[in-house]
Amino acid sequence: MTEQHESRWSLTHTGNRVLLAVVIGLLVGWIGSLAGATGTAHVIVFALVAAITYGVLTFVAKRFH
């Protein structure tokens with residue numbers, strides 16, 4: 001039988017989850033800045049969205065791997 005290798009873009013790789021969480025955090029932060037969020041609010045929105053996204057992706061990766 002042939003051995004299957006995991007895709008390099010798989011969510012089981014921590015770096016991929018971090019990258020996706022940062023990109024989504026930046027996107028939501030940018031949308032927030034368009035809506036008028038500035039300074040501390042902008043940073044808090046980015047951090048919260050990135051952390052929540054990373055947590056969800058980690059859960060999904062472990063659940064369905």
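Helices, here DSSP runs of H or I with at least four residues, and strands, DSSP runs of E with at least two, are numbered from the N terminus. The model described here is predicted, so that local features need pLDDT of at least 70 and side-chain atom pairs count only at pLDDT 80 or more, while totals for chains, interfaces and linings use all residues. Residues are numbered from 1 along each chain as its sequence is written, and side-chain values use heavy atoms, with hydrogens and water left out.

**Overall form**

The chain has two helices and zero strands, and its C-alpha trace spans about 55 × 15 × 15 Å along the principal axes. Its radius of gyration is 15 Å, whereas a compact globule of 65 residues would have a value near 11 Å; the radius is taken over C-alpha atoms, and the globule rule is 2.2 Å times the number of residues to the power 0.38. Of the 65 residues, 18% count as buried, where buried means under 20% relative accessible area, exposed over 50%, and partly exposed in between, with a 1.4 Å probe and protein chains only. The accessible surface comes to about 5100 Å², and carbon and sulfur atoms account for 70% of that area; such areas come from the Shrake-Rupley method with a 1.4 Å probe, and for residues only the protein chains shown count as cover.

**Contacts between the helices**

With contact meaning heavy atoms within 4.5 Å, 57% of the contacts between residues at least 6 apart in sequence join residues at least 24 apart. Gly29, in helix H1, counts as buried because its relative accessibility is 3%, and, not counting residues up to four places away in sequence, Gly29 touches His42 and Val45. Val49 lies in helix H2 and, leaving aside its neighbours within four places in sequence, is in contact with Ile24, Gly25 and Val28.

| Pair | Separation along the chain | C-alpha distance |
|---|---|---|
| Asn16 and Leu57 | 41 residues | 9.6 Å |
| Gly29 and Tyr54 | 25 residues | 15 Å |
| Val49 and Gly39 | ten residues | 16 Å |

**Asn16**

Asn16 is placed in helix H1, which covers residues 14-34, and counts as buried because its relative accessibility is 16%. The side chain of Asn16 reaches the backbone oxygen of Ser10 at 2.8 Å. Not counting residues up to four places away in sequence, Asn16 touches Arg8, Trp9 and Ser10.

**A nonpolar patch**

Ile44 lies in helix H2, residues 39-63, and counts as partly exposed because its relative accessibility is 45%. Together with Leu48, Ile52, Val56, Phe59, Val60 and Phe64, Ile44 makes a nonpolar surface patch of about 730 Å². Patches are made of residues with over 30% relative accessible area and no salt bridge, like charges being joined within 9 Å and nonpolar side chains (Val, Leu, Ile, Met, Phe, Trp, Tyr) within 5 Å; a salt bridge is a side-chain nitrogen of Lys or Arg within 4 Å of a carboxyl oxygen of Asp or Glu.

Terms used. A polar contact is a pair of N or O atoms within 3.5 Å; within protein, one must be able to donate a hydrogen and the other to accept it, and residues adjacent in sequence count only if both atoms are side-chain atoms.
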